[in-house]
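Here is a short report for a reader new to this chain. It takes the fold, the model's confidence, the surface and a few local details in turn.

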Amino acid sequence: MVFAAVSVNAQLNPVAWTFTAKKIDDKTYEIHMTATIQNSWHLYSQKQPDDAIAIPTTFTISPNPLYKLDEKIKEVGKMEMMHDAKLGLSANQYATKVDFVQKIKLKAAVKTNFNGSVEYQTCDDKKCLPPKTVNFSVAIK
């Protein structure tokens, strides 16, 4: 009985990630790292208020000499600013969907990959899941 409960909890993953590249011009691309979030769950913004205890979403981009990162990763979605007065906690969070966008500029007209990982935490109204890391690789053509 205990094994079944652990097995179900281990498979719980309320966020589905997709990673794509969109060509803007000859050497400029937008990398879209899109999180689709199940109903009643939240994914946290990269930037959190001082009184937050949630783990912010963090991207680690693998170095690549063929391109440079242009600007910081932008968040495109409807941010919710949650505040729990009883606990004295706040959080910047997303429900349903958020698109994290990183612009890159190639140093030459080459094919390469945009590699990295994302660490994130999700919570619903009753519990938070441990942080999870997802590795990704996006072809730049």
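## Order of elements

Along the sequence, the predicted chain runs α-β-β-β-β-β-β-β-β-β-β-β. That gives one helix and 11 strands. Helices (H or I, at least four residues) and strands (E, at least two) are DSSP runs, numbered from the N terminus.

The C-alpha atoms fill a box of roughly 55 × 40 × 25 Å, taken along the principal axes. Among contacts between residues at least 6 apart in sequence, 68% join residues at least 24 apart. A contact means heavy atoms within 4.5 Å.

## Model and confidence

This is a predicted model, in which local features need pLDDT of at least 70, side-chain atom pairs count only at pLDDT 80 or more, and totals for chains, interfaces and linings use all residues. Residues are numbered from 1 along each chain as its sequence is written, and side-chain values use heavy atoms, with hydrogens and water left out.

The mean pLDDT of the chain is 91. pLDDT is the predictor's confidence in each residue, from 0 to 100. In the chain, 92% of residues reach 70 or more. Residues 1-10 stay under 50, and the model has one contact beyond four places in sequence for them.

## Surface and charge

Of the 141 residues in the chain, 39% are buried. Buried means under 20% relative accessible area, exposed over 50%, and partly exposed in between (1.4 Å probe, protein chains only). The accessible surface comes to about 8800 Å². Carbon and sulfur atoms account for 55% of that surface. Areas come from the Shrake-Rupley method with a 1.4 Å probe; for residues, only the protein chains shown count as cover.

The chain has 18 positive and 14 negative charges, and their mean positions are 8 Å apart. Lys and Arg count as positive, Asp and Glu as negative; His and the chain ends are not counted. Each charge is placed at NZ of Lys, CZ of Arg, CG of Asp or CD of Glu.

## The disulfide

The structure holds one disulfide. Cys-123 and Cys-128 form it, with sulfur atoms 1.9 Å apart. The cut-off is a pair of cysteine sulfur atoms within 2.5 Å. The link is right-handed, with 110° about the S-S bond.

Cys-123 is buried, at 3% relative accessibility. Cys-128 is partly exposed, at 48%.

## Positive phi

Most residues other than glycine have a negative phi. Ser-40 has a positive phi of about 75°. Ser-40 lies in the loop between β2 (28-37) and β3 (42-44).

Glu-71 also has a positive phi, near 75°. Glu-71 sits in strand β5 (residues 67-76). Glu-71 is partly exposed, with a relative accessible area of 46%.
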